[in-house]
Amino acid sequence: MRVLALTLCTVFVMSAATAVAQDEFDDDELGGSEPMTAVTPSPEATATTREDVTGSRPETALLGEGEEPQRDENGEWIRQTRSGPEEERWQRRFALSSTLLGSTGAFFVPDAGTGAVDSFRIQFNLESFINDGWIFDDDGASRVGGGLSLSFTPHERVEIFASVNAWASRNLRVFPNLFLTLADTTIGAKVAFPISDAFTVGGQLELLVPTAAGVFAGFSGITPTARVLATVDLRERSDPLPLIVRGALGYRLDNTANLIEEDEQLRYDALADPRPPEDETRHLANAAERYGLAINRTDFLEIGLAIEAPIEATPKLRVHPSLEWRWGIPVNRQGYDCAFVPSEPGGDEPAERDDDCLARVGPSAFPMTITLGLRVFPVVRGLSVFGAVDIGVTGRSRGSFVRELAPTPPWRLAFGLSYTHDTRPLLPPPSMTREVPVEVEIETPPPVEGRVVGRVVKTGTEEPVPFAIVSFPGRADTAIATDGNGRFTSYLFPAGVIDMGLRASAHRPDGCQAEIPIEGGDVEVTCELEPTLVEVEEEEVRIHEQIRFGHDRAAILEESFPLMDEIVRAFDEHPELVEVEVQGHTDDTGTPDYNEDLSQRRANSVVRYLVEHGVAAERLSPRGYGQSRPLAPNTTDENRAKNRRVQFVITRRAEAEARATEAAP
């Protein structure tokens, strides 16, 4: 999935660059501007010839002084166009923008028609949301994300589109508290059937490939959606009115629940006293997880209605305010049987922090939203900027959270920009005959250059360091990474000394030098990086080995003393670490009370060692969590070994306090 996401992103960037480059190329060829670099030829190298300029802008001819290429009244290059009402209609379709998932339309409700023929659109959007106490008390719920989309209209009745969306959702009342969706990919196509100039019906089919396990495609959760679309564009009437009304009716075969089926089964297997599966709910994904990962256990009948008012504020500035309403009606195709657990026997309220069931809550749980949006089309042709606020109407409060559906956020803010490119060829300039001076540039020999062919190894060994980052301080060149054998080849550099910076995970940063000889050519060099067992990260002092203790004891084994000494050195080198919680964790072997006591004694033992070796006691806070915070289910020996650990969690940094003081009024 990472490859697919990177490929789509690359296509988007290249498309945008192509659009801009095409416009610049047209300007350069038609505008007769001065050359970027002045060349002083010798007298023998200058001559004057006559060229007949006909048709498609010959590369060797420049427009003479005082001559202008063909432009329209707005100063735009004249392109090959249709005529009369047909061209006016094409221009109106050219002004259509993409929805947040790629096809043309409003922000979420697609248009039944297509964009202008031979036009493509690229769009970038960001979204954000924050609401403390939304799902749980003091939960600090938030979300930030974004997306890239591209659509193309090869035929007046056909449009194809694709988008990649990613977001990060946080909820401080659950563990883990961060949910990442890095490459939800949507591809689709739309067909249009004009009934009249003002009325169009159409159909759209799209396929969502959701993210699973971080950055991989969740093929088990592939979700197709089919929609019937209708659009009334009142600008096409004999008495035009700046108003567009869009409607959509669709069915979504939602299979996203398949993405968490295996995890829920592992949670059930890890329960100490499980009830029968049909009566058990503790292992099921909670509301924060369903929202963060966009998980639903039902299909949806989707209804959407949008109204857009294209207003021409000035000849070169248009604004398009819009209002959208969307409602998803759950359809339990999967036959999901929701177990209801009351807060007390015979009660009618769900247990604390548990969800209700769709059959009990009813329509108040159905996701319904209203979107208020505004697109602005400034002077640059094809460019638009937009902003929208998505307001949840139902399914947004704790009383309406049900186990079958992802919660609807009470609000969400989206903004971004899009660009539409006209691919039609430019109208050729008129035929003319003129004298053209020809300048012949006298070639100069290229500068002497060479490359650094290097290898990064661990200090004192021949063991390679794969995927190390090699930078070039003081130069504008982008950093590069070593391959799996620690090898790299630099860019071409002029002769002289080349300074390099080296960084790699679990190694101390260092530098290296190489010298390109005066005659040029490649030079080989071996650079060394010293391994380290300790790294200071943003939220944690991470250790790459476990601290070893005696079996069922709190005494640190002598084999871990080098690791402990390196932890001491990390504290000495980072005085900004004001407070660090030293956490002790165990697996589930033994009773919870015993494990909590053992983990506390081990945390105390680690703090005692650090204090005895010079770390200030007030910087350390030991805390034993026992078996309450496993990294993995305690189902295998390997997982239990992971869960028996000591962690150093940074709870206070000096620079964070300094930033807070500077920001205070």
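This is a predicted model: local features need pLDDT of at least 70, side-chain atom pairs count only at pLDDT 80 or more; totals for chains, interfaces and linings use all residues.
View 1. Across the whole structure, a search finds 13 aromatic pairs. One of them joins F129 and Y291 in an edge-to-face arrangement. Their ring centres are 6.1 Å apart, with 70° between the planes. F129 belongs to strand β2 (residues 119-131), while Y291 belongs to helix α4 (residues 287-293). The pair thus links distant parts of the chain, 162 residues apart. F129 is buried, at 3% relative accessible area. Y291 is buried too, at 7%.

**View 2. W134 and F401 make an edge-to-face pair.** What makes this pair edge-to-face? The ring planes of W134 and F401 stand at 90°, and planes over 60 degrees apart count as edge-to-face. The ring centres are 5.9 Å apart. W134 sits in the loop between β2 and β3 (141-155). F401 sits in the loop between β15 (383-394) and β16 (411-422). The pair therefore ties together parts 267 residues apart in sequence. W134 is buried, with a relative accessible area of 5%. F401 also counts as buried, at 4% relative accessibility.

**View 3. Helix α6 packs its buried residues against several elements.** Helix α6 covers residues 561-573. Buried residues in α6 are L563, M564, E566, I567, V568, A570 and F571. They pack against β27 (534-536), β28 (540-543), β29 (577-585), α7 (592-612), β30 (620-626) and β31 (645-653).

**View 4. The largest nonpolar core has 24 residues.** In soluble globular proteins, nonpolar side chains tend to be buried together. Which members of this core touch the most others? They are I547, M564, I567, V606, L610 and F648. β28, α6, β29, α7 and β31 each give two or more residues to this core. Helix α6 gives the most, with six residues. I547 touches I556, S560, L563, M564, I567, V606, V646 and F648, leaving aside residues up to four places away in sequence. A second, separate core has 20 residues, including V465, F472, M500 and L502.

**View 5. Three strands form an open sheet.** The strand order is β22-β19-β26, and the pairing is mixed. Which strands lie at the edges? They are β22 (487-489) and β26 (523-529), and each pairs on one side only. From one strand to the next, the twist averages 25°. Strand β19 (residues 452-458) pairs with β26 in the parallel sense, over seven bridges. Within this pairing, G454 has V525 of β26 as its bridge partner.

**View 6. F175 and P176 are joined by a cis peptide bond.** Omega is about -5° here. P176 lies in the loop between β4 (158-170) and β5 (178-194).

**View 7. D118 has a positive phi without being a glycine.** The phi value of D118 is near 65°. D118 is found in the loop between α2 (85-94) and β2. Is D118 buried, partly exposed or exposed? At 31% relative accessibility, D118 counts as partly exposed.

**View 8. F467 is not a glycine, yet its phi is positive.** Phi of F467 is about 60°. F467 lies in the loop between β19 and β20 (469-471). F467 counts as exposed, at 60% relative accessibility.

Definitions and conventions
Residues are numbered from 1 along each chain as its sequence is written. Side-chain values use heavy atoms; hydrogens and water are left out. Two strands pair if DSSP finds at least two bridges between them. Helices (H or I, at least four residues) and strands (E, at least two) are DSSP runs, numbered from the N terminus. Axes are lines fitted to C-alpha atoms, for helices over the stretch in contact, and angles run from 0 to 180 degrees between N-to-C directions. The expected span of a helix is 1.5 Å times one less than its number of residues. Buried means under 20% relative accessible area, exposed over 50%, partly exposed in between (1.4 Å probe, protein chains only). Contact means heavy atoms within 4.5 Å. A nonpolar core is a set of buried Ala, Val, Leu, Ile, Met, Phe, Trp, Tyr and Cys residues joined through side-chain atoms within 4.5 Å. Rings of Phe, Tyr and Trp (its six-membered ring) pair if their centres lie within 6.5 Å; planes under 30 degrees apart count as stacked, over 60 as edge-to-face and the rest as tilted.
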